Amino acid sequence: MNQTSDPDLAAAAALRLIGPDPANWVPDRTGIDHNVVLVGGGQTGSALAFALRRAGIGKVSVIDAAADAAHAGGWLTSARMNLLRTPKNLPGPELGIPALGFQAWYEARHGQAAYAAMERIPRLAWAEYLGWYQRFLAIRVRYGCRLLRIEPAADGFRLHLAIDGRETVETTRKIVLATGFTGNGGAYIPPVLAELPASVLSHTEQTIEFAALRGKVVAVVGAAAAAFDAAGVALEQGAASVHLFARRASIASVPITRTRGYPGAYDNYRDLPDAVRWDQAIRFRRAGSTPTIDAIERAVGFANFHLHLGAVWHQAAVAGGQVVAEVSDGGYRFDHVIAGTGYFVDPSARPELAGFAEEILLWRDRYQPPADRQDAFLGAHPYLGNGHEYLQRTPGRAPYLRNIHVHNPAGFVSFGLPIGDVPSMRRDIPLVAARISRDLFLADLDRHQARMGGTVAADFPDQVYASAVWQRSERQSG
């Protein structure tokens, strides 16, 4: 074991060596409560709060609708994988300070050998690390604070909030939507399942009472990672049997985005032409989202797990307390159905955005692909600016949109990754923080010009060097 008596010693030393946080340089504005409100207190919101603090931006508030840290971010609720799906050595929320990263945190507690032996990061260890990150960096999250509506105002935004059930209004100049997969839409329920009551239907986005499925016959619709994770948990919790239905003839196994994981493509993706970004997104959609091999093996290891390939659901209804399903490979009866069917993107479906959603530029407004490259799902994604900001569908009608930054997976088509996941952190958190800094600075340029052009007191008087000033005598000058 390579441990010290204080596992935080190296992290504390790193903070000492980078020096104190800069003072807040953003001028106050009358009637404005916050310079920035980060909506979402998970890994992205916490890392952005730290990045903004290090950029000298004060009056930043992090809000989260979850009741407490254990329910924020999903790692202890809707996430069910045993191991994270990303490589263990990807940079995360440490923002270039290695002592604040997962590896340093884990090795300080368990030793270098334990980290070296780890294939990928255990989900519960990641959740524990994120909790430490928040506490160690003193990032305050206002839990129980739900954003109801964003109202554009003259000098920023009026945020209509419900805080512990009490409605109130606060104002801010900038907003970052660090709101996860549902942040620009919601959980997708296929039409064939949409009429099923909640008593027999769950989505993998939800907290599911798997213990209640003990002894039950369960269907899982979908074949990406979340679907296999849900199947695995249901089996582990004693389900009588689990049938997983995949539309494809085989499980997607080619991680297509890996071809652009090198620094040139990763760092410069946002500058690619629209047609190239669209083609990359289409390529991913057609290859399919791949589950990890351990997620598959977790379910396949049970004899009462049954995989249906090329199986499309055509009809589903409740009869006798069960779901009666007509599928392309036969008819079935289930006690419960879990939809592992992903998410949809539609800003108008979000109550907080609905008041101006029609003003947001979407990919379908900006780029028209050839007939054989059409995709309505991708077209509904917002077309984001270089700082992850919304852009206007009609120039001049909604200039306030540039002050709402999207740091959730709706940035996928624009930036090539599900924004907010670990792979996006090294590039996109500094990018958003830098754009917020630039915008706030330029918005108050007259005040900064006055500050930069202001009177500066001398560091020392002329007397310090007066005795050494060369004085030429008359004889020398002659």
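Is Gly238 buried, partly exposed or exposed? In this predicted model, Gly238 is partly exposed, because its relative accessible area is 25%, which falls between the limits of 20% for buried and 50% for exposed.

**The surroundings of Gly238**

Gly238 belongs to the loop that runs between α6 (225-236) and β10 (241-245). Leaving aside residues up to four places away in sequence, Gly238 touches Leu213, Arg214 and Gly215. His306 stands 68 residues from Gly238 in sequence, and the C-alpha to C-alpha separation of the two is 15 Å.

**Aromatic pairs**

A pair of aromatic rings is described by two values, the distance of the centres and the angle of the planes. With ring centres required to lie within 6.5 Å, the count comes to 26 aromatic pairs. Two of these pairs are set out below, each with its geometry.

| Pair | Centre to centre | Angle between the planes | Arrangement |
|---|---|---|---|
| Trp25 and Phe441 | 6.1 Å | 70 degrees | edge-to-face |
| Phe50 and Tyr133 | 6.5 Å | 85 degrees | edge-to-face |

The pair of Trp25 and Phe441 links distant parts of the chain, 416 residues apart. Trp25 is in the loop between α1 (9-18) and β1 (34-39), while Phe441 is in helix α13 (residues 422-443). Trp25 is buried, because its relative accessible area is 16%, under the limit of 20%. Phe441 has a relative accessible area of 27% and is therefore partly exposed.

Phe50 counts as buried because its relative accessibility is 2%. Tyr133 also counts as buried, with a relative accessibility of 1%.

Phe50 and Tyr133 also belong to a cluster joined by ring pairs.

**Charges over rings**

Which residue has its charged end over the ring of Tyr115? That residue is Lys88, whose charged end sits 4.4 Å from the centre of the Tyr115 ring. Another such arrangement involves Arg427, which lies over the face of Tyr266 at 4.9 Å from the ring centre.

Technical notes
Residues are numbered from 1 along each chain as its sequence is written. This is a predicted model: local features need pLDDT of at least 70, side-chain atom pairs count only at pLDDT 80 or more; totals for chains, interfaces and linings use all residues. Side-chain values use heavy atoms; hydrogens and water are left out. Helices (H or I, at least four residues) and strands (E, at least two) are DSSP runs, numbered from the N terminus. Buried means under 20% relative accessible area, exposed over 50%, partly exposed in between (1.4 Å probe, protein chains only). Contact means heavy atoms within 4.5 Å. Rings of Phe, Tyr and Trp (its six-membered ring) pair if their centres lie within 6.5 Å; planes under 30 degrees apart count as stacked, over 60 as edge-to-face and the rest as tilted. A charge sits over a ring if NZ of Lys or CZ of Arg is within 6 Å of the ring centre and within 35 degrees of the ring normal.
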